[in-house]
Amino acid sequence: MARYSCVTQLVGSAEQLSESIRAVLERCQLNILHSSLDYWVAGEPPGKNPYTKLVTVEVFVDRTLQAADGSVQVTCIAKNEELPLKSVNHCQQTFDRLKAELAQLQGQLQLAAQQKDALR
């Protein structure tokens with residue numbers, strides 16, 4: 001079973017993060033299977049890849065570790081049933097795309113927070 005994970009810090013209100021994370025998952029062509037304020041499960045739609053290669057992504061926002069600047073820890077796990085026999089496999093590619101989208105989101109949210117602070 002292939003499994004990849006990352007942890008990042010994101011700044012924003014609960015509603016803003018919820019909308020942003022949902023948008024990131026959809027841009028990665030993942031269907032939202034379950035969502036709550038702090039937890040999402042998304043998966044690839046069947047048909048394009050064999051069943052064992054379908055990637056499932058879990059995203060967890062840990063608000064108990066909120067930093068002084070308002071950022072929260074976000075953990076992402078991408079997994080599928082494929083054995084990671086190759087260094088570059090479908091799950092790794094999907095995870096890399098998700099990680100790039102999260103990095104872009106992190107930059108956007110930090111810029112928005114800085115602009116909001118500058119207006120105060």
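A residue is counted as buried when its relative accessible area is under 20%, and in this predicted model glutamate 101, with a relative accessible area of 15%, is therefore buried. Glutamate 101 takes part in a salt bridge with arginine 27, in which the closest N and O atoms are 2.7 Å apart. The two partners belong to distant parts of the chain, arginine 27 being in helix H1 and glutamate 101 in helix H2, 74 residues apart. Arginine 27, at 45% relative accessibility, counts as partly exposed.

The count of salt bridges comes to three. In another of them, lysine 79 and glutamate 58 meet through their side chains at 2.7 Å, N to O; because lysine 79 lies in strand E5 and glutamate 58 in strand E4, this pair ties together parts that are 21 residues apart in sequence. Glutamate 58 is buried, with a relative accessible area of 19%. Aspartate 38 forms a salt bridge with arginine 63, the closest N and O atoms being 2.8 Å apart, and both are partly exposed, aspartate 38 with a relative accessible area of 23% and arginine 63 at 25%.

The largest nonpolar core comprises 26 residues, and those with the most contacts inside it include Leu25, Val57, Val74 and Leu98. Two or more residues are given to this core by each of strands E1, E3, E4 and E5 and helices H1 and H2, with H2 giving the most, namely six residues. For valine 57, when neighbours within four places in sequence are left aside, the residues in contact are Leu25, Leu30, Trp40, Val41, Ala42, Ile77, Ala78 and Leu98.

How values were computed. Residues are numbered from 1 along each chain as its sequence is written. This is a predicted model: local features need pLDDT of at least 70, side-chain atom pairs count only at pLDDT 80 or more; totals for chains, interfaces and linings use all residues. Side-chain values use heavy atoms; hydrogens and water are left out. A nonpolar core is a set of buried Ala, Val, Leu, Ile, Met, Phe, Trp, Tyr and Cys residues joined through side-chain atoms within 4.5 Å. Buried means under 20% relative accessible area, exposed over 50%, partly exposed in between (1.4 Å probe, protein chains only). Helices (H or I, at least four residues) and strands (E, at least two) are DSSP runs, numbered from the N terminus. Contact means heavy atoms within 4.5 Å. A salt bridge is a side-chain nitrogen of Lys or Arg within 4 Å of a carboxyl oxygen of Asp or Glu.
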